[in-house]
Amino acid sequence: MKKHICVMPGDGIGPEIVEEALRVLNAAAKKFGHEFSTEEALIGGSAIDATGTPLPEATVEACKKADAVLLGAVGGPKWDTLDPAIRPEKGLLGIRKALGLFANLRPATLFPELAGACLLRPDIVGKGLDLIVVRELTGGIYFGKPAGTEVRDGKRTGWNTMIYNEDEIARIAHVAFQAAQKRRNKVCSVDKANVLDVSRVWREVVIEVSRQYPDVELSHLYVDNAAMQLVRDPSQFDVIVTGNLFGDILSDEASVITGSIGMLPSASLGSAQPGLFEPIHGSAPDIAGQGKANPLATILSIAMMLRHAFDMSIEADAIENAVHKTLQAGFRTGDIMEAGKTLLSTREMGDKVIASL
Ligand code: IPM
Ligand code: MG
């Protein structure tokens with residue numbers, strides 16, 4: 001069956017890494033006899049430069065008619081001083097909302113080949129580090145109203161609202177429990193129920209939903225404790241489910257402790273197609289255009305796309321195996337370089353993965 005993919009290279013290293021990922025996708029298509037068509041759309045800073053807005057209407061339309069969306073990265077110092085209403089990040093938040101992508105899956109796994117890069121002591125990660133953060137992505141304090149800034153009593157004042165209703169909580173909880181059923185049957189829900197009202201509703205609803213998944217063990221942590229436990233003993237976690245802001249923070253923490261943030265993919269899914277697939281890392285403007293970027297997280301995002309959007313798990317496994325083989329053969333980009341390994345450019349890394357495939 002022919003699948004159509006909307007591709008948004010975005011800013012910084014986005015175009016370089018997306019190009020390699022698409023070359024790998026084409027190689028996989030050939031190998032397995034699939035047909036994928038692609039169409040490019042603007043987002044973020046490059047969209048601001050071309051059209052004056054970070055999320056042109058044409059981009060939303062192109063995404064909506066696609067079977068899946070691939071994103072590179074958005075943002076950069078060039079656009080940091082713009083009015084907040086048209087910053088590159090608004091493009092990303094806007095497309096998540098427009099496509100109803102309420103579930104953000106961010107796996108954090110230790111690549112055995114890169115164990116030396118892990119930020120934690122060997123005795124800590126010796127027990128394993130293989131978890132997934134399921135972050136609610138279209139609600140919470142990111143989108144809650146009221147929000148704004150004004151001068152109140154002569155003082156500049158800003159405010160946001162952290163708000164969730166039971167339906168928003170229940171649907172992300174279902175995603176987490178179902179993800180756990182395909183993994184190690186454990187969900188840890190993270191909140192701040194000792195302080196926040198919104199978290200008390202969160203916890204109540206998660207507990208109710210958990211009754212439909214008696215095979216899954218549910219635990220709860222306050223977000224400060226969760227941040228600490230992630231570095232103290234990450235092996236205790238299988239699936240972490242949490243709201244938008246806590247998930248933003250904890251998913252950065254979970255991915256960086258693996259030592260290979262340049263390696264980790266993510267998926268954002270709604271209740272219908274298309275889902276959006278992107279690397280966890282950002283646009284790395286300091287190395288953009290130099291052929292130094294690591295394309296593996298984007299290549300692995302293609303694998304997530306094949307698995308989650310197209311039900312092509314054999315094809316997804318093949319890409320993931322090709323990445324492992326490439327690492328086992330000692331090939332590295334600068335971000336994961338170690339003594340005795342072979343340093344490759346972005347393009348060369350794409351070539352090696354294709355050859356392993
Ligand atoms: C992320 C990013 C975004 C977020 C920014 C760029 C708006 O940090 O995807 O985690 O906060 O969601
Ligand atoms: Mg973030």
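Which helices and strands each supply at least two residues of the lining of the largest pocket? The structure examined here is a predicted model, in which local features need pLDDT of at least 70 and side-chain atom pairs count only at pLDDT 80 or more, while totals for chains, interfaces and linings use all residues. Residues are numbered from 1 along each chain as its sequence is written, chains are lettered from A and ligands numbered from 1 in the order in which they are written, and side-chain values use heavy atoms, with hydrogens and water left out.

The elements in question are β4 (103-109), β5 (130-136), α6 (166-181), β11 (265-269), α10 (296-308) and α11 (313-328). Helices (H or I, at least four residues) and strands (E, at least two) are DSSP runs, numbered from the N terminus. Helix α6 gives the most to this lining, with five residues.

The domain assignment gives domain 1 (1-99 + 274-357) and domain 2 (106-264); such bounds come from an automatic or database assignment. The centres of the two domains, taken over C-alpha atoms, are separated by 24 Å. Their contact (heavy atoms within 4.5 Å) takes 19 residues from domain 1 and 16 residues from domain 2.

Pockets and cavities were located on a 1 Å grid over the protein atoms alone: a cavity is a set of points where a 1.4 Å probe fits but cannot get out, a pocket is an open set with protein on both sides within 12 Å along at least five of seven lines, and lining residues have an atom within 4 Å of a point. Grid points are joined across faces, edges and corners, and a volume is the space filled by probe spheres set on the points.

The largest pocket holds about 850 Å³ of space. Its lining comprises 26 residues, of which L105, I132, M304, R307 and H308 lie nearest the centre.

The largest share, four residues, belongs to α4. Nine nonpolar, three polar and seven charged residues make up the lining. Both domains contribute to it, so the second largest pocket also lies between domain 1 and domain 2.

One cavity of 30 Å³ or more was counted, and about 100 Å³ of space lies in the largest cavity. Of its 14 lining residues, M162, Y164, W202, G243 and F246 are the closest to its centre. Elements giving two or more residues to this lining are β8, α7 (197-210) and α9.

In helix α8 (residues 223-232), the buried residues are V223, A226, Q229 and L230. They cover an arc of only 110° around the axis, which puts them on the same side of α8; the arc is that of the directions from the helix axis to the C-beta atoms. Buried means under 20% relative accessible area, with a 1.4 Å probe and protein chains only. These residues pack against β5, β8 (186-191), β9 (217-222), β10 (239-242) and α9.

Methods:
Ala, Val, Leu, Ile, Met, Phe, Trp, Tyr, Cys and Pro count as nonpolar, Asp, Glu, Lys and Arg as charged, and the others, Gly among them, as polar. Buried means under 20% relative accessible area, exposed over 50%, partly exposed in between (1.4 Å probe, protein chains only).
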